[in-house]
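Visitor: Before we look, could you take me through how to read the pockets of a model?
Guide: Gladly; here it is.

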Amino acid sequence: MTLATYKWTVDRYHKAVDAAVFEAEQLELLAGELVVMAPERETHAYFNDAVVKYLWRLLGDQAQVRDGKPITLPNDSEPLPDIAIVEPLDRVYLEHHPYPENIYWLIEFSQATLTKDLTVKKAIYAQAGIPEYWVVNLRDRQLHVFRDLQQGDYTDEFVVKTGRIQPLAFPAIEIAVERLM
């Protein structure tokens, strides 16, 4: 038996959202496929909120910190990263979600979705040209950092549990790793 699947484009996905087809579902579009998002547990929600506030204080007007909002990528993807640090374009985002060229870096908080975040989402973000991607592994209390894009893949990957890290887009900003988890 052969299974046929329907590949969604961002445009068709937007039309379905506008028509309230997915009204009762929390979904994200990943490489043309609709993915049901896992419910957010307390630990995830707490650290997501705390880190958004922390980044706003550190970055000030240099960037906009978006919390659980969509980004639009060219590979038929419209994920909802936990945190997207983007250009402060304010009202431009009334016309479209941030595109890859507007994104400084993305952060995902992971417990139940760790495998997806370290594989599927990492590949989608790299192929779309997102320069930096962080996965906060809440289970093991460690930060996975992906950088140095070359030919649609991150070539620099490392894990830290303590210390300070500077985002590529803001090398003067030091983020305490412990504050992320």
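Guide: Helix α2 (42-59), strand β5 (103-110) and helix α3 (114-128) each give at least two residues to the lining of the largest pocket, where helices (H or I, at least four residues) and strands (E, at least two) are DSSP runs numbered from the N terminus. This is a predicted model, in which local features need pLDDT of at least 70 and side-chain atom pairs count only at pLDDT 80 or more, while totals for chains, interfaces and linings use all residues. Residues are numbered from 1 along each chain as its sequence is written, and side-chain values use heavy atoms, with hydrogens and water left out.

Visitor: How is a pocket found, and what volume does the largest pocket have?
Guide: Rolling a probe the size of a water molecule over the atoms shows where empty space is left. On a 1 Å grid over the protein atoms alone, a pocket is an open set of points where a 1.4 Å probe fits, with protein on both sides within 12 Å along at least five of seven lines, and lining residues have an atom within 4 Å of a point. The largest pocket has a volume of about 450 Å³, and of its 23 lining residues M37, A38, E40, H44 and D82 are the closest to its centre.

Visitor: Which residues of the second largest pocket lie nearest its centre?
Guide: They are Y13, V17, L27, P70 and E78, out of 14 lining residues; the pocket holds about 310 Å³ of space, and helix α1 (residues 10-18) supplies the largest share of its lining, four residues.

Note on methods
Points joined across faces, edges and corners; volume = space filled by probe spheres on them.
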